[in-house]
Protein chains: 2
Amino acid sequence: MAARAGVALKTVSRVVNDEPGVTPATAERVRAAIEALGFRRNDGARLLRTGHTASIGLVLEDIGDPFYSALSRAVEDVAHQHGSLLFTGSSDEDPLRERELTLAFCARRVDGLIIIPASEDHTYLLPEIAAGVASVFVDRPAGLIGADAVLSDNAGGARTGVTHLISQGHQRIGYIGDDPGIYTAALRHRGYLDALAQAGLPGQESWTALAVPDAAGVQVALARMLAGPAPVTALFCGNSRVTVLVLRELAVLGRTLSLVGFDDFELADLLTPGITVIAQDPSEMGRIAAKLLFRRLAGEGGPAQRIELATRLITRGSGEIPPERLG
Amino acid sequence: MAARAGVALKTVSRVVNDEPGVTPATAERVRAAIEALGFRRNDGARLLRTGHTASIGLVLEDIGDPFYSALSRAVEDVAHQHGSLLFTGSSDEDPLRERELTLAFCARRVDGLIIIPASEDHTYLLPEIAAGVASVFVDRPAGLIGADAVLSDNAGGARTGVTHLISQGHQRIGYIGDDPGIYTAALRHRGYLDALAQAGLPGQESWTALAVPDAAGVQVALARMLAGPAPVTALFCGNSRVTVLVLRELAVLGRTLSLVGFDDFELADLLTPGITVIAQDPSEMGRIAAKLLFRRLAGEGGPAQRIELATRLITRGSGEIPPERLG
DNA sequence: TTGAAAGCGCTACCAG
DNA sequence: CTGGTAGCGCTTTCAA
């Protein structure tokens, strides 16, 4: 400690922390010494003593994905407002990695956790929660434990999108989406089915492709939907990755379909036609989750909250092509 | 410490750290106690003793920007390989915030720093570096201090892009870019000027717009370039933000220009025509920077390195429209 | 193979 | 107003 260096001894702590009870004169002397010796307080040690680390951990699927990076930014801003630093880690949708990451953050004694879960079982978090780590789940709820969660209205959003296509006159509407083992994917598929049922429209197995991972999968799925005498005239895509893959394949095939996608994406408005989407608001999700986390950290009690955010239909052209205008 | 709880006392440490010299029997007993009591090692305390924190700090402009989020992901992957956790912070291009963030990371005693600088003066880092914090700068070099840096060939990339337009037969080529006070922006503008000079083409002041921040600015700039009897037939955009704004404005105007943009972006290939770009590789930049950082952390000496990465011309259509084919 | 003590850098608490 | 002392939870060093 640079105490003796200046002149005073462990009064340094007081001046560093702006505590009351120090003569301006001595304070100034200490400050000079600090400056001269290049003293840097070790927050690690400080926070070992005080108990909280003024840092939170964010575990998400992939920080490189624009959706999550937008969310991440919102979380960071709220954390900054509260004087907290942010640890980030990508799980790559791997439950084991999620767990490792989360536990590593806990070992660092983060004050709180924001988790976009990849795992279905978060009982491993129970001891941590008992030890006082606050945690908020985003995009998908926690598995097997009660915890705060900020979610989108996945089913409702998909229903709105498909209903929009129906209202344009479409009767044969396809669906391409993720593995229904994924929480959001299952709900979106459900929304699709609900919309059809509500309109009294028949579904058909060949019109649905789940667990489509890549371009090849999309190619096969589309080929199936477009084959035969009564091909699909419209398509609902379960996420923006699929939407983009479909757009590429449609371009290759030289075909046009009326199309609505779940999730907005950059430049969706600049394509021709513009892509109609069901938009979530990742920033808003991050902001709300982070605010809730800090309220918990501030001592707010009450049962686990489940906040569901509405989605928004943004019409840009691709979803407003009636069946008769298709080539 | 959960020592007395199990049975043994501070032998726990040995077990937790897989140190040699523990009977399997006692080890098992300790492990059981750990499990039972839900013991969680406090890495903060551990690392206070050992001196290194197994964490690095990344300060960038905006984690919400796809370019930086891709870079960030690459850094995270390398950090993970080395058993390090990652602090992330966005400076919003504000020198003060960059400094705050960096110093906050240093107070947390991160082992190393990866900085995408917003500031022109990094002398504030000197004491930290003297204290042993390794640091690598990315995208732009450090200001006023010698430090490792990983950069793109901004001038060369811009020169390639503009030369490409010239080779398509264009003689009146405009440039819209950022404030030349920004390191990368100045170099890209220089590349543009160099390419024109090299081809013996005249420049014209009205063809250049620097420090264009928003859609309104782009609108004005384009109007100027397209006015008169000898309007610009091609355009080089200094960054992807500008490229997208230009695309929107051209769509509004119903005009076409041959166009090359610095920086690749999602869906550039799906637009009609596809957008020809000079691509950087943000992942590669992040990866290289992080690897260099960990080599420094491992004790590699030598003078500050300056690594310059090549850019890549990706032709997709927009840059291959000859002047005579423009409406 | 195991135990005890010292100390990392800081703040909390109680004396002076 | 200022100083000393204890101790946060861990590792390290030396002794048993």
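In chain B, strand β6 (residues 173-176) runs parallel to strand β8 (residues 234-237), and four bridges join the two; helices (H or I, at least four residues) and strands (E, at least two) are DSSP runs numbered from the N terminus, and two strands pair if DSSP finds at least two bridges between them. This is a predicted model, in which local features need pLDDT of at least 70 and side-chain atom pairs count only at pLDDT 80 or more, whereas totals for chains, interfaces and linings use all residues. Residues are numbered from 1 along each chain as its sequence is written, and chains are lettered from A and ligands numbered from 1 in the order in which they are written.

**Sheet of chain B**

**Overall form of chain A**

- The secondary structure of chain A consists of twelve helices and twelve strands.
- Chain A is more spread out than a compact globule, because its radius of gyration is 26 Å, well over the 20 Å that the globule rule gives for 327 residues; the radius is taken over C-alpha atoms, and the rule is 2.2 Å times the number of residues to the power 0.38.
- The C-alpha trace of chain A spans about 90 × 40 × 30 Å along its principal axes.
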